[in-house]
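The structure comes first, and the notes follow by topic.

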Amino acid sequence: MWSKDMESSRRKFFLNAGKGFGSLAFASMISRAAEQARAKNVIFLFMHGGVSQVDTFDPKPTLTRLSGQPLPGSVGEGLITSRIDFRKALMRGSPWNFQRGGKSGLEISDLFPEIRKHADKLAVVRSCYGDAFDHAPAIYLRASGSQFPGKPSLGAWSVYGLGSENRNLPSFVVMSDGAMKSGSGAYGSGFLPAVYQGTVFRTGKSPVLHLASPDGVSDVSQRETLDLITRMNKKHYASREEDTTLDARISSYELAYRMQSEAPDVVDLSTESDATRKLYGIGEAMTDDFGRKCLLARRLVERGVRFVQLYSGTNLGDDWDDAHNDLLGSHNKMAKKSDLPIAGLLADLEGRGLLSSTLVVWSTEFGRTPLAEGKNGRDHHPYGFSMWMAGAGIQGGRALGATDEFGLRAVEERKSVHDMHATIFRLLGLDHTKVTYRFQGRDQRLTDVHGEGEFTDWLLKSS
C-alpha cells in the first residue's frame, strides 16, 4: 500500500534529482559563459541617499546660466517629486565648478578632485532613469530590479550564477555605514536559497567579531560540536524541505569555521604598508572609515570573493539625503569621506594588476532635482541621473547618454536599471536571459523581461 511517507520520499527523490540535472546543465552553460568574462569580481560602491547628477558628473552650463529662474514653458510638465512643484520651483545651478580630467578631458566636478585624476578609467553613464522617487523603493529597484522588497539582489544573483573562488570566505560581502533606508533587503537573497544573501562585515577596525576560538576550546572539540549541530539540524529537513534558511544556517556555521583560518589575515589592515594606508586616507578623520572599507574590498577580491558591496551614507545621519535642506553641507561632507578612498581603490587595483579583472561600479538610487528646494536644497529626482563603471577592460574617459540641457530628463541613450544589470552580468560572463530560478511557477530572472539596452559593447569599444 502506498503511504504518505512513500509519497514524500518519491517527491523528494524527483525534486532533488531535478535540481541535480538542472545544476549540471546550468554549470555547463556558466562554464561556457565564463570563458568570455571580462570581470571575475565586482566592487559596487553605492552612494546611499541620492547624489545630485548636476553637481557631480553631469555639467549643465545652461542650468547655471539660468539659475534662479523658473523652467521655461512646459519643460517640467508631467514630473512629480515629494517636496517641490516643478511648475513653481526655480532652477538652481551647481555651486561647484566642473573641470576636465585626464587625457580624455572628461568633466567632473570639484566635489571629486581625487576621482577626477582617474577620469581616463571612468565610463560615465549620464542617462540613467527610474520611476521610484522614495528612497526604499528606489534602492530596491537599483539592487534587485524591482521596487518591492523580497527579490534577490544583484550580488545574490551573481554568486548564484558564479559562486566564489575562495571557499573560506563569503562569496558576497556587504559593508555599510549603519542602518539603511531599505534595510537588509537591498542585499538579500529573496526567493533564491538563503545561502546567497550578503554577509555583513562591520564598520571600524574589527569587521568580523569572534574569529578566534574561546580559550580552552580546541580545533577538534569545535569540529565535533559543529558536526553535532549539523546532525541535529538535518533531522528537521523532512518538515522544512521548502525552507532554505536551515541550509543557510548550516552553511554559515561551516563557513564561520573555515573563516577562522583565513579571515583574520584578510581583515588585518596593519599588514599593509604606510603608503597603501595613506593612499586610502586611513588615519585621517574624514576618510578613515570608508578608506578601510575600500581597502578591505581590495583585499577580499584579491582573495577570490565574488561580489563586494559598499554603502556610503546611513539613515541615522551623515547621508547624501541631507541635501534636502543643506546641499552644500551634505555633498561636501559625503564627497570628502569617499573621494580619496575611491581614488585610492582605483589606483591600488591598477597597481596590483587587479583592475583588469575587477569591475568597479559607482551608483546611487536616484539623482537630485535641478530645481531648488528651499534656500539650499535639492529634492529626489529619478528622471535622469548618473553612474560610472571602471575596470574589467572598460575603455574610460567617456560619457554615454545625456540628460536635457537642464539635467531634468534622460533624453539620449536612456538606460534603465535592467540595462545596468544586464551589462554587469555580461561583463561577468553571464547571459541575463539564461540565469534563472524557478519560483511561483515561472523561471524568474534578475532582469525579468527587460535588459535589451545593455551597453557592454560601448564600454569595451576603443574610442
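A disulfide is a pair of cysteine sulfur atoms within 2.5 Å. By that rule, zero disulfides are counted in this predicted model.

**Cysteines**
- In general, a disulfide is a covalent bond between the sulfur atoms of two cysteines.

**W320 and its loop**
- W320 sits in the loop that runs between β7 (307-312) and α10 (327-351).
- With a relative accessible area of 0%, W320 is buried.
- W320 and N332 are 12 residues apart along the chain, and their C-alpha atoms lie 9.5 Å from each other.

**Helix α10**
- The 25 residues of α10 should span 36 Å at 1.5 Å a residue, and the 35 Å between its end C-alpha atoms agrees with this.
- At A335, α10 has a bend of about 30 degrees.

**Packing of α4 and α11**
- The axes of helix α4 (residues 135-144) and helix α11 (residues 417-427) are 8 Å apart and form an angle of about 30 degrees.
- Because angles under 35 degrees count as roughly parallel, α4 and α11 fall into that class.
- On the α4 side the contact is made by L141, R142, A143 and S144; on the α11 side it is made by V417, M420 and H421.

How values were computed: Residues numbered from 1 in each chain as written. Predicted model: local features only at pLDDT ≥ 70, side-chain atom pairs only at ≥ 80, totals over all residues. Heavy atoms only, no water. Helix = DSSP H or I, 4+ residues; strand = E, 2+ residues; numbered from the N terminus. Buried < 20%, exposed > 50% of the residue type's maximum accessible area, 1.4 Å probe, protein only. Expected span 1.5 Å × (residues − 1). Bend = angle between axes of the 7 residues up to and from the residue. Axes fitted to C-alpha atoms, helices over the stretch in contact; angles between N-to-C directions. Parallel < 35°, antiparallel > 145°, perpendicular 65-115°, else oblique. Contact = heavy atoms within 4.5 Å.
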